[in-house]
Amino acid sequence: MPMKAVFQRRLQKLKHIRGVQQPVFSLICMLLGISFTVWFTLLLVFIIVPAIFGVSFGIRRVYMKSLIKLFEWATLRMERGAKEKNQHLYKPYSNGIIAKEPVSLEQEIQEMRRGSAEPEFDMSDIFYFCRRGVESIVDDEVTKRFTAEELESWNLLTRSNYNFHHISTRLTALWGMGVLIRYGFLLPLRVTLAFTGVGLLVVLTSIVGLFPNGRMKNYLSDKVHLMCYRICVRALTAIITYHDSENKPKNGGICVANHTSPIDVIILASDGCYAMVGQVHGGLMGVIQRAMVKACPHIWFERSEVKDRHLVAKRLSDHVADESKLPILIFPEGTCINNTSVMMFKKGSFEIGCTVYPVAIKYDPRFGDAFWNSSKFGMVNYLLHMMSSWAIVCSVWYLPPMSRMEGEDAVQFANRVKAAIARKGGLADLLWDGGLKRGKVKEVFKEEQQKLYSKVLVGSSEDRSRS
């Protein structure tokens, strides 16, 4: 009997505890439900609906201006603190370690020979090649294009200019608050938007793909793509300024742009519709590709077809020949460059003989580093880095359409387009192949230097024979 009484008392106590806890659990569930309702209502009203109609409330612009004022205040605080402690805030830094003047090989060799008209080969010529080789090792203008662009001041992110070495207590507290805002509020919001945009893209393009080919299908496809890309742009808090929109790419042409990041596609596709070109992938990317091609004639190649240049050129030519199809978007560099320069354009897309629409893209590194170092970071890690930045701010310039001139080969045309993009975007125009990021120097580059030196020798022999 005593054991039974103890058991009954414990049972009554458990019932009492459950009776007290049940209202608490109900209150927690109710609060969570209200939170999710408010969260998705805000997403729908302020982000998704404006993305559908292509309008903006200007919230991101105000946010960007606030960040600029915050960075300016932080810079003043750092400069004042460094001055009070009699310290140098920044170490001297320059993009070029060695000062170089644009002088031709022939001029430099003649200068080293001091104008002497000796036989074809002179021992002093060796010193020219030795000096240029050492300069290339010390100040490698190619390798540094595949590392993050350096900043002139701190942007309250972990990655900063290595010259900066003074942080006050107040700035440290501000940095900690920024971490909470970026990872506690902005990151969950952006991840939600990213999944919303990608999910809608897959579902809606699959539905549009069920429609018969015609104007209605093309119209719906354009609207769906624009809406979903604009949601993805908002997932990065991207603030984009488009210039010279009258030069936007038109059907029957190819749009070429410099390449800094995979999000270049989203940046351009949120302002106009394009036919994408790429290799067939598996996994989530494959699902997205298969859904997109149902609604719009994108050009996807199998792995075995990518190296077949004639097949690739034929499919591109067939696409641009049909003026009812969207312009093709291509990044001729073939790899991501760190927002400071434009490297060699592959000639394939310039051999087709259609109108080329150049586009220059330049990111503002103060708000976040858009460059994707694919040899260091995977795609997921990179996207996490993007979504935890303050914002992605960039400018896009649509250049006038360009066509191949008479007597101009594909390489010369590609270099002319590249120079125009570099000039408009304020980027360095480099002749080097972006493939050097992972490969060795091609024999063609070595042969070019040998030909230049041969011309110097042959030229000097011809001059002597004439005299």
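Colleague: Which way do the residues of strand β2 (residues 254-257) point, and with which strands does β2 pair?

Modeller: This is a predicted model, in which local features need pLDDT of at least 70 and side-chain atom pairs count only at pLDDT 80 or more, while totals for chains, interfaces and linings use all residues. Residues are numbered from 1 along each chain as its sequence is written, and side-chain values use heavy atoms, with hydrogens and water left out.

The chain as a whole has 12 helices and nine strands; both are DSSP runs numbered from the N terminus, helices being H or I of at least four residues and strands E of at least two. Of its 467 residues, 40% count as buried, a term that means under 20% relative accessible area, with exposed over 50% and partly exposed in between (1.4 Å probe, protein chains only).

In strand β2, Ile-254 and Val-256 point one way, Cys-255 and Ala-257 point the other way, and all are buried. Cys-255 has a relative accessible area of 0%. Strands are taken to pair if DSSP finds at least two bridges between them. By that criterion β2 pairs with strand β5 (residues 328-330) in the parallel sense, over three bridges, and Cys-255 has Leu-329 as its bridge partner in β5. Strand β7 (residues 356-363) also runs parallel to β2, and four bridges join the two; here Ala-257 stands opposite Val-359.

Another cysteine, Cys-354, is buried with a relative accessible area of 13%. The whole structure contains zero disulfides, a disulfide being a pair of cysteine sulfur atoms within 2.5 Å.

The loop between β1 (238-243) and β2 holds Asn-247, which counts as buried because its relative accessible area is 15%. Beyond its neighbours within four places in sequence, Asn-247 is in contact (heavy atoms within 4.5 Å) with Tyr-357, Tyr-398, Leu-399, Pro-400 and Pro-401. A polar atom of the Asn-247 side chain lies 3.1 Å from the backbone oxygen of Tyr-398. A polar contact is a pair of N or O atoms within 3.5 Å; within protein, one must be able to donate a hydrogen and the other to accept it, and residues adjacent in sequence count only if both atoms are side-chain atoms.

In the model, residues 382-399 are 33% helix and 39% strand, with end C-alpha atoms 30 Å apart. Residues 42-59 are 72% helix and 0% strand, and their end C-alpha atoms are 13 Å apart.

Helix α9 (residues 309-321) contains His-319, which is buried with a relative accessible area of 4%. The side chain of His-319 reaches the backbone oxygen of Leu-326 at 2.8 Å. Not counting residues up to four places away in sequence, His-319 touches Ala-275, Pro-297, Ile-299, Lys-325, Leu-326 and Ile-328. Ile-328 belongs to the residue range of β5, the partner of β2. Between His-319 and Pro-297 there are 22 residues of sequence separation and 8.6 Å in space, C-alpha to C-alpha.

Across the chain, 77% of the contacts with a separation of 6 or more are between residues 24 or more positions apart.
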